[in-house]
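Thanks for coming, everyone. Please have a look at the model on the screen, and then I'll walk you through some of its side chains.

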Amino acid sequence: MNTSQTEIDVTCTVNGRSVTVRTKGGDRLIDMLRDYLHLTGTKEGCSIGECGACTVLMDGLPVNSCMVLAGQAQGKEILTIEGLKHEDGDLHPLQQAFIDAGAIQCGYCTPAMILCGYALLQRSPRPSVHEIKQAISGTLCRCTGYVQIIEAVTLAADRIQTKGEK
Amino acid sequence: MKNIRFFQPDTVVHALEFLHEHPKARIVAGGTDLLPEYREKEDNAITGFIDIMRIRELSGISFDDHAAHIGALATHAMIAQNGTLKERLPVLSAACSHVGSPQIRNLGTIGGNIITMSACADTLPALLVLEARMVMRSLHQTRTITVEEYIDEKRKQLVPPGEMLIKIVCDLPDEVPLSYFFKLSRRAAAAKARMTVARTAYIESGQVRNLRLSVGAVTSLALRYREAEKLIEGKAVTDQLCCQAGERVVHDMLAVTGRRKSAAYKIPVLTEMVRRSLEGLQ
Ligand SMILES: Cc1cc2nc3c(=O)[nH]c(=O)nc-3n(C[C@H](O)[C@H](O)[C@H](O)COP(=O)(O)OP(=O)(O)OC[C@H]3O[C@@H](n4cnc5c(N)ncnc54)[C@H](O)[C@@H]3O)c2cc1C
Ligand code: FES
Ligand code: FES
């Protein structure tokens, strides 16, 4: 994409599928995901990078999708909360653990928290509480007080490691 | 809604040419400073974005015998996680690890941090004590300038238009200096700095050598405090000297800012922060 345009076709991988979306030059990744692809699991809170509710994984790393221009996602691999559950509809162990540990109240932070947990477990399958706190430190939760969220990530790690859940 | 152009060059020259033709387009790297600015000001003058994230020349961290070359696009996470930087330039590594949240560190670049040059930019005090240099390029020239000189250009509004930051160069002395970095903020994670102190020094036969001290977030642009450095240089550090250096920094800070309301807080806290940054040299 070497010429400049006010409308741009962004081709990237979203949740394992290649998509091409026509976006406007000022659109952000969160706009592309929610408004064009209707992946509304990604939440918009503050729009200024503070709350983390809009977190998605870009090439495996958690980023605020309100801080990324849609065009910048060109060629990238994006994972949103919708991409976590299995083909047959079964929940990912992290999703199940969030339910079981009471880590979801209003749910607004949950997609982001789970994705931060997911990125953490990819690089550290048995994280310490400190590592979990670090990993979720960029996502605000106004409901739970965080304790249950930390428990949920620990529970999921345990189920994946000891029971081989996927 | 305005029609915003989007341009994704693969080379520095293409980016500079586009910037030249569209002076109101803005370079975007991680977007973490620019996107809030773009969205918060309805009447912003931005007509387009030049996404530089794919320009290979600007990315990566490399080393030669004497220096670290940190591409403008190196993110705070990349710098904080780089083992060699952690060992050889601990003050910069610490600064980057304190920026924003994990998500922000995955996006935000050192280049963006320097160019925006906000009062509370965490890398600036570290780059000042490292006497880091910036390689800047425009269509017509390439120049190398220290971060301190660039801050001065910014203060005097002399930064030339149409320039891009290519990389940061930090000398790697044979011996790593004793290094200190402390960021004071309202909470431990994801918070802006209220004060940041960076310090490097050596101790030879009980005496302090090559002390460098800088403070960010208390003045509109981060500063080196050379008078305080001189107070201690060549001496054995004592409690009294640490306190005197703290007072000197406060004195020089107030000479820049004047006595604002916040001085009641800043004076005792900054004095103490400087004292703590030096007591470890005893
Ligand atoms: C929630 C939040 C928390 C934050 N917390 C901190 C913090 O704790 N400490 C801190 O220091 N900062 C913080 N920041 C600010 C920001 O994340 C950093 O300054 C970051 O390093 C900016 O880099 P970027 O790549 O995102 O810059 P961008 O937003 O892409 O660009 C910033 C500016 O620099 C210009 N620019 C970028 N790269 C170049 C280049 N190579 N050549 C020329 N011009 C260039 C752009 O045109 C723009 O004007 C925070 C921001 C947010 C949103
Ligand atoms: S909506 Fe993106 S961080 Fe709050
Ligand atoms: S569950 Fe409501 S914000 Fe976290």
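Let me start with a question: does Lys230(B) count as buried, partly exposed or exposed? At 55% relative accessibility, Lys230(B) counts as exposed. Here is the scale: buried is under 20% relative accessible area, exposed is over 50%, and partly exposed is in between, with a 1.4 Å probe and protein chains only.

Some ground rules. This is a predicted model, where local features need pLDDT of at least 70 and side-chain atom pairs count only at pLDDT 80 or more, while totals for chains, interfaces and linings use all residues. Residues are numbered from 1 along each chain as its sequence is written, chains are lettered from A and ligands numbered from 1 in the order in which they are written, and side-chain values use heavy atoms, with hydrogens and water left out.

Back to Lys230(B). Its partner in a salt bridge is Glu227(B), with the closest N and O atoms 3.2 Å apart. By salt bridge I mean a side-chain nitrogen of Lys or Arg within 4 Å of a carboxyl oxygen of Asp or Glu. Both residues are in helix α10 (residues 226-232) of chain B; they are 3 residues apart, so about one helical turn separates them. Helices (H or I, at least four residues) and strands (E, at least two) are DSSP runs, numbered from the N terminus. Glu227(B) is partly exposed, at 34%.

How many salt bridges are there over all chains? The search finds 24. Take Arg26(B) and Glu37(B): their side chains meet at 3.1 Å, N to O. That pair links distant parts of the chain, from strand β2 (residues 25-28) to helix α2 of chain B, 11 residues apart. Arg26(B) is partly exposed at 32%. Glu37(B) is partly exposed too, at 28%.

Next, Arg224(B) and Glu131(B). Their closest N and O atoms are 2.9 Å apart. Arg224(B) is in strand β12 (residues 223-224) of chain B, and Glu131(B) is in the loop between α8 (123-129) and β6 (133-137), 93 residues apart. Arg224(B) is buried, at 10%. Glu131(B) is partly exposed, at 34%. These two belong to a network of salt bridges that also links Arg212(B) and Glu229(B).

Now the aromatics. Rings of Phe, Tyr and Trp (its six-membered ring) pair if their centres lie within 6.5 Å; planes under 30 degrees apart are stacked, over 60 edge-to-face, the rest tilted. The whole structure has 2 aromatic pairs over all chains. In one, the centres of Phe7(B) and Phe18(B) are 4.3 Å apart and the planes are at 15°, so the pair is stacked. Phe7(B) is in strand β1 (residues 5-7) and Phe18(B) in helix α1 (residues 12-21) of chain B, so the pair ties together parts 11 residues apart in sequence. Phe7(B) and Phe18(B) are buried.

Then there are Tyr38(B) and Phe49(B). Their centres are 5.0 Å apart and their planes at 85°, so this pair is edge-to-face. It links helix α2 (residues 34-40) with strand β3 (residues 48-51) of chain B. Tyr38(B) is buried at 11%, and Phe49(B) is buried at 0%.

Last, the domains. Chain B is divided into domain 1 (5-51), domain 2 (60-171) and domain 3 (178-279). Those bounds come from an automatic or database domain assignment. Taken over C-alpha atoms, the centres of domain 1 and domain 3 of chain B are 36 Å apart.
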